[in-house]
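Morning, everyone. I have one model to walk through, so let me put it on the screen.

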Amino acid sequence: MAGATCVPPARPSLTSISSGELRSLWTCDCELALLPLEQLLRLQPGAFQLRGDQLAVPGPSGPGASAARGGFNVFSDGLVRLDGQLYRLSNHIRRYVELTNYCDYKDYRETILSKPMVFFINVQTKKDTTKERTYAFLVNTRHPKVRRQIEQGMDTVISSVIGESYRLQFDFQDAVKNFFPPENEVVNGENLSFVYEFKADALFDFFYWFGLSNSTVKVNGKVMNLSSTSPEKKETIKLFLEKMSEPLIRRSSFSDRKFSVTSRGSIDEVFNCNLSPRSSLTEPLLAELPFPSVLESDETPNQLM
């Protein structure tokens, strides 16, 4: 029809769900977070870079450099779909890992807890599956509630299968699916989980053979929406992501190779700063910021998608 205006179709929206707000740059305010992948690429160009058909995640240059360098741990099967195109991921952690000794276990445990976790998902509207958007789901491993669930899951399974093989899965699907409006659907929810199997050198591993030593930890937490079209709020989100991904400063180390059911991470380690946990929860980080807070989202569905 002549003269008709072409209006782009609306994409899935997060604005109908209220799940948290960013009031300061303290990472202890955020347990879990979601934002569009294209926004993450713009706000964190040093951590995520599109290079041809590859989504590059710059990694450490040598052993032990992971936590010292900071950044993010991306969990993936190796591919991410953005705007209908598939990109290969570099420097990611596989969603399924086999471990065969406690040295591997120790390194794996330290690695996954040393940086915020990132998972990529695709969301569609149920009425029209051609309308899709890619999101980055962030897990703040330094938040005590999140860190505790992961550490206790790992500790509990060790105490229950001493000297035997086992399989442990961490799953964030419920937290994310409950966050989105009912008319939206996460089409690749399996991307929101990761698994490791510990293969012990046991003569008889009956429980493992029959699948009786398989465990799943459903990690729960409040999901914060980091989507915004406001330039001021985008700048605050950018600073917040940089703060979250700062190098982890440890006051003690995992020097021994034994693992008990007691969590080895202290509250001081969790918050990645020299302040006490009490002061980190009460004192503002940047009092000179002209705007007091960043609400989770103030855009209309068309603006957001």
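**Two helices side by side**

Helix 3 and helix 4 are roughly antiparallel to each other, because the angle between them falls in that class (under 35 degrees is roughly parallel, over 145 roughly antiparallel, 65 to 115 roughly perpendicular, and the rest oblique). Helices here are DSSP runs of H or I with at least four residues, strands are runs of E with at least two, and both are numbered from the N terminus.

Before the details, the ground rules. This is a predicted model, where local features need pLDDT of at least 70, side-chain atom pairs count only at pLDDT 80 or more, and totals for chains, interfaces and linings use all residues. Residues are numbered from 1 along each chain as its sequence is written, and side-chain values use heavy atoms, with hydrogens and water left out.

Back to the pair. Two packed helices are described by the angle between their axes and the distance between the axes. Helix 3 covers residues 102-114 and helix 4 covers residues 144-160. Their axes come within 11 Å and cross at roughly 165°. Those axes are lines fitted to C-alpha atoms, over the stretch in contact, with angles from 0 to 180 degrees between N-to-C directions. The crossing of helix 3 and helix 4 is right-handed.

Which residues make the contact? From helix 3, we have Tyr105, Tyr108, Arg109, Ile112 and Leu113. Helix 4 brings Arg147, Ile150, Glu151, Met154, Asp155 and Ile158. Contact means heavy atoms within 4.5 Å.

Stay with Ile150 in helix 4. Ile150 is buried, at a relative accessible area of 0%. Buried means under 20%, exposed over 50%, and partly exposed in between, with a 1.4 Å probe and protein chains only. Leaving out residues up to four places away in sequence, Ile150 touches Leu113, Met117, Thr141 and Phe170. Phe170 is 20 residues from Ile150 in sequence, with 7.7 Å between their C-alpha atoms.

Go to Met244, in helix 7, residues 231-244. Is Met244 buried or exposed? Met244 is buried, with a relative accessible area of 1%. Met244 and Phe72 sit 172 residues apart in sequence, yet their C-alpha atoms are 9.0 Å apart.

Next, Glu164. Find Glu164 in the loop between helix 4 and strand 11, residues 166-171. Glu164 is partly exposed, at 25% relative accessibility. Asp201 is 37 residues from Glu164 in sequence and 7.7 Å away, C-alpha to C-alpha.

Now two loop residues with positive phi. Asp83 is not a glycine, yet has a phi of about 55°. Asp83 lies between strand 5 (79-82) and strand 6 (85-89). Asp83 is exposed, at 61% relative accessible area. Asn91 also has a positive phi, near 55°. The loop holding Asn91 runs between strand 6 and strand 7 (93-94). Asn91 counts as exposed, at 51% relative accessibility.

**The whole chain, and where to be careful**

The protein has 10 helices and 15 strands. Of its 305 residues, 50% count as buried. Take contacts with a separation of 6 or more: 77% of them join residues 24 or more positions apart.

How confident is the predictor? pLDDT is its confidence in each residue, from 0 to 100. The protein averages 74, and 64% of the residues score at least 70. Strand 4, residues 73-76, is highest, at a mean of 97. Helix 9, residues 277-282, is lowest, at 28. Over residues 252-305 the pLDDT is below 50, although this stretch has 111 contacts in the model beyond near neighbours in sequence. Residues 1-20 also stay under 50, with 44 contacts beyond four places in sequence. Where pLDDT is low, the predicted coordinates should not be read in detail.

Key. pLDDT = per-residue confidence, 0-100. Left-handed = near helix turned anticlockwise from the far one by under 90°.
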